[in-house]
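Work through the exercises below with the sequence and the model open. Each task is followed by a solution in steps.

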Amino acid sequence: MAKMGQSERRQALAGVLFAMPYLIGFSVFLAIPLLTSLYNSFTEYSVLREPVWIGVRNYADVFKDELFYKSLGNTLFFAAFSIPLSTIMAIALAMLLNTKVRGQAFYRTFFFLPSLVPAVPMAILWLYLFNGDFGIVNAVLKIPYGALGLEPPNWLSSVDHAKNVLITMSVWTVGNAMIIYLAGLQEIPQQLYEASDLDGASPWQKTKNVTIPLLSPVIMFNVLMGIIGSLQYFTQAYVLFPGGAPARSTYMYSMYIYDTAFRDLRMGYASALGWVMFVIILTLTFTAFRFFDKKVHYEG
Amino acid sequence: MAKSDKTLTQQNLRAVVVIHAALVILSLAFLVPLIWMISTSLKEASEARAFPPTWIPKEFLWGNYSEAFNYNKENLGYAPFAVYGRNSLILCLLTVVGTVVSNAVVAYSFARLKWPGRDVAFALTLATMMVPFPVLMVPLFGLFKELGWVGTLRPLWVPAWFGAAFNIFLLRQFYRTIPNELSEAARIDGCSEWGIFSRVILPLAKPALAVVALFSFMGTWNDFLGPLLYLQRQESFTLAVGLQSYSSQAGGTPLHLLMAASTMVVAPVIILFFFTQKQFIQGIAATGLKG
């Protein structure tokens with residue numbers, strides 16, 4: 001390193017001092033726990049006894065574990081539907097708002113309000129809305145289903161439908177993404193639309209050729225965050241479907257890790273499950289990034 | 001020409017009608033669950049479970065709220081909701097103050113001061129946002145158990161005083177928009193780094209700090225997994241875990257009371273939103289665009 005002058009040295013000292021809280025916090029609450037968890041994943045460990053090294057057995061067990069596949073499958077199913085559907089809903093809402101109709105501020109607030117609802121009351125409310133006996137969802141669905149001579153499903157106790165309840169909830173809470181997309185839309189230069197008007201482009205062509213490409217960095221950001229978030233999906237599923245009822249059809253990966261660690265006290269195995277989750281997140285994020293990077297249109 | 005003008009306005013009119021119709025229908029879909037929650041919270045127990053449901057309560061029973069507030073008081077000897085609420089408020093206060101103070105200071109170092117290893121440290125900071133919480137859950141629990149903090153609010157708020165990647169990132173972006181000449185001028189006047197930070201940067205960064213405070217409040221008020229891990233006795237529960245314990249209780253809490261309790265947990269957040277709408281919206285937009 002080049003020799004530093006006195007003022008640079010003073011600045012470097014100040015810099016390290018200002019960053020000190022984080023450097024400490026980073027080590028104590030992140031780096032050390034992360035390494036500890038890596039070590040623990042190669043041990044048999046219940047909080048009651050010291051960890052015992054068992055090599056890669058935990059990892060070998062993970063890949064033979066039915067509940068691992070079940071919970072990972074549920075989580076990926078949830079992500080595979082909730083991320084695209086939420087993205088489409090958020091972009092559609094943002095585009096509607098961006099038409100600058102009268103009352104835009106009111107509509108924006110209406111669409112945003114559900115995103116403010118904390119996860120626990122939201123899950124409790126959902127439990128009630130989708131209740132098969134007196135829920136409002138089936139009160140409304142009875143009309144179209146009845147016309148076809150069918151009964152609406154019992155959402156919460158049906159293996160086929162329980163996951164849809166969670167997906168619906170995620171589409172209901174797209175407020176944050178909607179705001180981000182709206183801000184993105186407002187940055188698209190108006191001339192581009194005027195130019196395509198002159199070329200006689202239809203609204204669909206304008207969406208496809210102007211809006212979506214220019215919005216693509218924002219879409220990428222939201223999808224990447226969506227992947228990281230939904231792989232860790234926990235609270236709503238835990239409150240709505242204790243134990244992943246019905247028949248483990250809503251048992252999420254995070255719930256499995258939580259139960260393994262704190263109910264079964266198999267901390268070593270839980271750590272291995274956690275690291276597998278970490279690797280899956282990294283792989284998916286990286287793949288999505290590569291996929292988008294070819295398509296994303298970067299301005300300037 | 002006149003003819004095409006006319007078709008254009010007709011087309012526009014049709015578009016406006018379609019857009020408005022879509023907005024109204026979607027607004028209903030987004031609002032009905034919340035209206036439903038409030039409506040049920042004012043109903044009588046049997047009406048809450050009636051099918052087909054009634055949209056407007058036959059009678060507005062505001063007393064449901066005080067009943068929900070005092071729910072289970074006879075058994076426990078204290079009003080659990082008040083205790084959960086107090087815990088949530090204490091936790092939010094300690095977390096918000098810690099988050100604002102620590103991130104304001106740390107982000108200054110990453111944004112405006114040069115020190116060896118800074119850029120590597122910052123890249124590492126961003127990378128840590130991908131670490132899922134379940135990986136850290138076990139060792140953190142072990143650490144706090146070692147410290148004797150399990151069962152108290154401390155594991156939930158103490159880490160907030162050491163900065164967090166997301167907030168550092170957000171504030172760093174904001175600090176960098178403040179012209180460097182301001183700091184240089186103060187530096188030439190013999191101002192210390194702390195002086196520059198507290199007298200030049202901080203006053204200008206208030207809007208960004210408000211956003212950090214808001215997000216931190218929301219995150220803490222909503223957090224469920226953290227309190228679920230560390231809090232074991234009813235008296236230390238926050239509203240999120242307390243509400244969940246109401247809902248999962250054997251026999252079940254009566255629905256209308258559950259909805260009243262839920263409304264009381266949601267209301268503070270919504271009220272806060274209405275008072276800080278501008279910061280809120282701008283803050284969210286900034287997290288997604290400036291990246």
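**Exercise 1.** Determine the handedness of the crossing of α9(B) and α11(B), and the class of their packing angle.

Solution. The crossing of α9(B) and α11(B) is right-handed; a crossing is left-handed if the near helix is turned anticlockwise from the far one by less than a right angle, and right-handed if clockwise. Helices (H or I, at least four residues) are DSSP runs, numbered from the N terminus. Here they are α9 (residues 165–175) and α11 (residues 193–222) of chain B, packed at an angle of about 140° with axes 10 Å apart. Axes are lines fitted to C-alpha atoms, for helices over the stretch in contact, and angles run from 0 to 180 degrees between N-to-C directions. α9(B) is therefore oblique to α11(B): under 35 degrees counts as roughly parallel, over 145 as roughly antiparallel, 65 to 115 as roughly perpendicular and the rest as oblique. On α9(B), the contact is made by B:N167, B:L170, B:L171, B:F174 and B:Y175, and on α11(B) by B:I201, B:A205, B:A208 and B:V212. Two residues are in contact if their C-beta atoms, placed from the backbone, lie within 7 Å.

The model is predicted: local features need pLDDT of at least 70, side-chain atom pairs count only at pLDDT 80 or more, and totals for chains, interfaces and linings use all residues. Residues are numbered from 1 along each chain as its sequence is written, and chains are lettered from A and ligands numbered from 1 in the order in which they are written.

**Exercise 2.** Is B:L229 buried or exposed?

Solution. Locate B:L229 in helix α12 (residues 225–230) of chain B. B:L229 is buried because 21 other C-beta atoms lie within 10 Å; the cut-offs are 20 or more for buried, 12 or fewer for exposed, and partly exposed in between, with C-beta atoms placed from the backbone. Leaving aside neighbours within four places in sequence, B:L229 contacts B:M137 and B:F141.

**Exercise 3.** Classify A:S196 by its C-beta neighbours and list its contacts.

Solution. A:S196 is in helix α9 (residues 190–198) of chain A. A:S196 has 16 C-beta neighbours inside 10 Å, so it counts as partly exposed. Beyond four places in sequence, A:S196 contacts A:A201, A:K206, A:N209 and A:V210. A:Q232, 36 residues apart from A:S196 in sequence, is 42 Å apart from it in space, C-alpha to C-alpha.

**Exercise 4.** How many residues of α8(A) are buried?

Solution. In α8(A), 9 of the 12 residues are buried, including A:M178, A:I179, A:I180 and A:Y181.

Notes
Helices (H or I, at least four residues) and strands (E, at least two) are DSSP runs, numbered from the N terminus.
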